[in-house]
Amino acid sequence: MGRITLEKITKSFGAVKVLHGIDLDIADGEFVVFVGPSGCGKSTLLRQIAGLDKPTSGTIDIDGARVTDVPASDRGLAMVFQSYALYPHMSVKQNLAFGLENARLPRPEIEARIAEAARMLEIGDYLQRRPGQLSGGQRQRVAIGRAIVRNPTAFLLDEPLSNLDAELRISMRAELSALHKRLKTTMIYVTHDQTEAMTLADRIVVLRKGKVEQIGTPLDLYNRPANRFVAGFIGAPS
Ligand code: ADP
Ligand code: MG
C-alpha cells in the first residue's frame, strides 16, 4: 500500500513562508510528479513527506496512519537524491546492503533482495566496485537500487536525473517508467523539467511560490491549463 495524504501543509523557515497550505491525495501506485520553477518549494515539500523535516502546520497520513510526527526511518519510504548520496568508502554491494543490515534482515534475504535489484537495474557487473569507479549513470542506478532493496511503501525522488547528460537522462527516464510499471509502487518525483513531468506522470502537481497551481494528468494540463503560468510551464497554447 502507498496512499499518501497531505492536508494543509505549511512550512516556514524563520519569517519566510515556503509552503502555503498544500492539500494532496496520492493514490496507491500512482506516479506523481511535482514540477515548478527553482525555489518554488518542491524539495521542501518532498522532505516533509519523507520526514527529513517537520511541517510548521498540517498533517501527513500514509495508508490512513498519521505520520506527521513519525521519524523518517519509520515511514517505510525510500528517497533518491540528485547527488546519489552513496557511501564512497563502501562497495556497491555494501551500499545496497547497509540499510538492510541495520534493519537486521536475515543474510539470505539481504542477498536475495540485492540480486533482484541488481538484475532489474543491470548493475550486477559492478557490485564489488566503489562509487568513485562508476559513471554518473551507474551511480544513479545504484542509488535507485538502494531504494528498491528496502521494499518501500513509496519512492521519493528529488531530481534524480538532473546530474546526467541529456542522452542518458532520456534512457533513464524510460527505465524509471518501466520500473514503475513493474513494481507498481507509489512514486513521487520532483523535477523542474516539463518534458520529464509530461512523459513520466500519472498526475502532475504544478507548484508556484509554495502553492499548488493545478493538479491533473499531463493531458488535462496540456488541454485545460488553469492559468497562463501552467500553460507557459507545460508548453501548452494559452
Ligand atoms: P525547489 O526544490 O523547488 O527548487 P526548495 O524547496 O529547495 O525549492 O526551496 C524553496 C524555498 O525555501 C527557497 O526559497 C529556499 O531558499 C528556501 N529554503 C529551503 N530550505 C531552507 C532552509 N533549510 N532554510 C531556509 N530556507 C530554505
Ligand atoms: Mg529542489
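Modeller: Let us begin with helix 1, whose buried residues are Lys42, Ser43, Thr44, Leu45, Leu46, Gln48 and Ile49. This is a predicted model, in which local features need pLDDT of at least 70, side-chain atom pairs count only at pLDDT 80 or more, and totals for chains, interfaces and linings use all residues. Residues are numbered from 1 along each chain as its sequence is written, while chains are lettered from A and ligands numbered from 1 in the order in which they are written.

Biologist: Which residues surround ligand 1?

Modeller: The shell consists of Phe13, Val18, Gly36, Ser38, Gly39, Cys40, Gly41, Lys42, Ser43 and Thr44; a residue counts as near a molecule if its C-beta atom, placed from the backbone, lies within 6 Å of it. Helix 1 (residues 42-50) supplies the largest share of this shell, 3 residues.

Biologist: What makes Val190 buried?

Modeller: Val190 has 24 other C-beta atoms within 10 Å, and the cut-off is 20 or more, so Val190 is buried. Val190 belongs to strand 8 (residues 186-190). Setting aside residues up to four places away in sequence, Val190 touches Phe34, Lys42, Ser43, Leu46, Leu157, Asp158 and Glu159; contact requires C-beta atoms, placed from the backbone, within 7 Å.

Biologist: How do you know that strand 3 and strand 8 pair?

Modeller: Two strands pair if DSSP finds at least two bridges between them. Strand 3 and strand 8 run parallel and are joined by 4 bridges, so they meet that rule. Phe34 has Val190 as its bridge partner in strand 8. Strand 3 also pairs in the parallel sense with strand 9 (residues 203-208), over 4 bridges, where Val35 stands opposite Val206.

Biologist: What makes strand 3 mostly covered?

Modeller: In strand 3 (residues 31-35), 5 of its 5 residues are buried. Phe31, Val33 and Val35 point one way, and Val32 and Phe34 the other way. In a regular strand the side chains alternate between the two faces of the sheet.

Biologist: Which residues touch the most other members of the largest nonpolar core?

Modeller: They are Val33, Phe34, Leu156 and Ile188, in a core of 58 residues. A nonpolar core is a set of buried Ala, Val, Leu, Ile, Met, Phe, Trp, Tyr and Cys residues joined through C-beta atoms within 7 Å.

Biologist: How do you know that the radius of gyration of the chain agrees with that of a compact globule?

Modeller: The radius is taken over C-alpha atoms, and the globule rule is 2.2 Å times the number of residues to the power 0.38. For 238 residues the rule gives a value near 18 Å, and the chain has 18 Å, so the two agree.

Note on methods: Helix = DSSP H or I, 4+ residues; strand = E, 2+ residues; numbered from the N terminus. Buried ≥ 20, exposed ≤ 12 C-beta atoms within 10 Å, placed from the backbone. Contact = placed C-beta atoms within 7 Å.
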